[in-house]
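Let's take a walk through this fold, from the backbone pairing out to the side chains. Keep the viewer open and follow along.

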Amino acid sequence: MKVHGKCHCGQITYSAEVDSEKVSLCHCADCQMLTGSAYRVNVPAAKENFVLHTGKPSSYLKTADSGNKRMHTFCGNCGTPVYSSAATDPQSFSLRVGCLDERAQLPPKRQIWCGSAVPWSIDLKLVPSLGKQ
Ligand SMILES: [Zn+2]
Ligand SMILES: [Zn+2]
């Protein structure tokens, strides 16, 4: 599937080709903190299928508890997360689904790190719901 992404302020724009079967939802504590939310939704794009159209993303090298390093790329102006990748010579980019125009067509196909999920994030059906604020 062809996808089109942008950050909130619009400085960074990109497009990519992704496999909608590979969308995953991550409940790890790092994703909770780095998004400021309960979980993150990602879809990978191979390096050759990703095109940065405008903007100069900033990056943050995250070191996990395991010692594993991961580069997190975001807009330095508005702070929107754009993707993460290997720290050196990345061959693929883990795109943040919330920044993609096609996000409604990219439901997660699996959840990972469920052991650290915020318990209330698993089922929101009973929470009162408003169409807008
Ligand atoms: Zn921005
Ligand atoms: Zn995570």
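This is a predicted model: local features need pLDDT of at least 70, side-chain atom pairs count only at pLDDT 80 or more; totals for chains, interfaces and linings use all residues.

Buried here means under 20% relative accessible area, exposed means over 50%, and partly exposed is anything in between, with a 1.4 Å probe and protein chains only. Residues are numbered from 1 along each chain as its sequence is written, chains are lettered from A and ligands numbered from 1 in the order in which they are written, and side-chain values use heavy atoms, with hydrogens and water left out.

Now the sheet. Helices (H or I, at least four residues) and strands (E, at least two) are DSSP runs, numbered from the N terminus, and two strands pair if DSSP finds at least two bridges between them. Strands of a sheet pair through backbone hydrogen bonds, either parallel or antiparallel. In this model, seven strands make an open sheet with mixed pairing, in the order E6-E7-E8-E9-E4-E3-E10. Strands E6 (58-63) and E10 (110-112) sit at the edges with a single partner strand each, so one side of each has no neighbour in the sheet. From one strand to the next the twist averages 30°; angles like this run from 0 to 180 degrees between N-to-C directions, with axes as lines fitted to C-alpha atoms (for helices, over the stretch in contact).

E6 pairs with strand E7 (residues 69-74) in the antiparallel sense, over six bridges, and one place to look is Leu61, whose bridge partner in E7 is Met71. The two strands form a hairpin with five residues between them, and Gly67 in the turn has a positive phi of about 95°. Moving on, E7 runs antiparallel to strand E8 (residues 81-86), joined to E8 by five bridges. Here Thr73 stands opposite Tyr83 in E8. This is a hairpin too, with six residues between E7 and E8, and Gly79 in the turn has a positive phi of about 85°. Further along the sheet, strand E3 (residues 24-26) and strand E4 (residues 40-46) are antiparallel with three bridges, and Cys26 has Arg40 in E4 as its bridge partner.

Next, the rings. Rings of Phe, Tyr and Trp (its six-membered ring) pair if their centres lie within 6.5 Å; planes under 30 degrees apart count as stacked, over 60 as edge-to-face and the rest as tilted. Four aromatic pairs come out of this rule. One of them is Tyr14 with Phe50, a tilted pair at 5.6 Å centre to centre and 35° between the planes. Tyr14 belongs to strand E2 and Phe50 to strand E5 (residues 50-54), 36 residues apart. Tyr14 counts as buried at 2% relative accessibility, and Phe50 does at 12%. Phe50 also pairs with Phe93: the centres are 4.9 Å apart and the planes at 40°, so this pair is tilted. Phe93 is in strand E9, 43 residues from Phe50. Which residues do the ring pairs link into a cluster? Tyr14, Phe50, Tyr83 and Phe93.

On to the charges. A salt bridge is a side-chain nitrogen of Lys or Arg within 4 Å of a carboxyl oxygen of Asp or Glu, and the count is four. The partners are 95 residues apart, with Lys6 in strand E1 (residues 2-6) and Asp101 in the loop between strand E9 (92-96) and E10. Glu21 and Lys109 make another at 3.6 Å, N to O. Glu21 is in the loop between strand E2 (13-17) and E3, and Lys109 in the loop between E9 and E10, so the pair ties together parts 88 residues apart in sequence. Glu21 counts as exposed at 51% relative accessibility, while Lys109 is partly exposed at 43%. Then there is Asp30 with Lys62, at 2.9 Å, N to O. Asp30 lies in helix H1 (residues 29-35) and Lys62 in strand E6, 32 residues apart. Asp30 is partly exposed at 30% relative accessibility, whereas Lys62 is buried at 14%.
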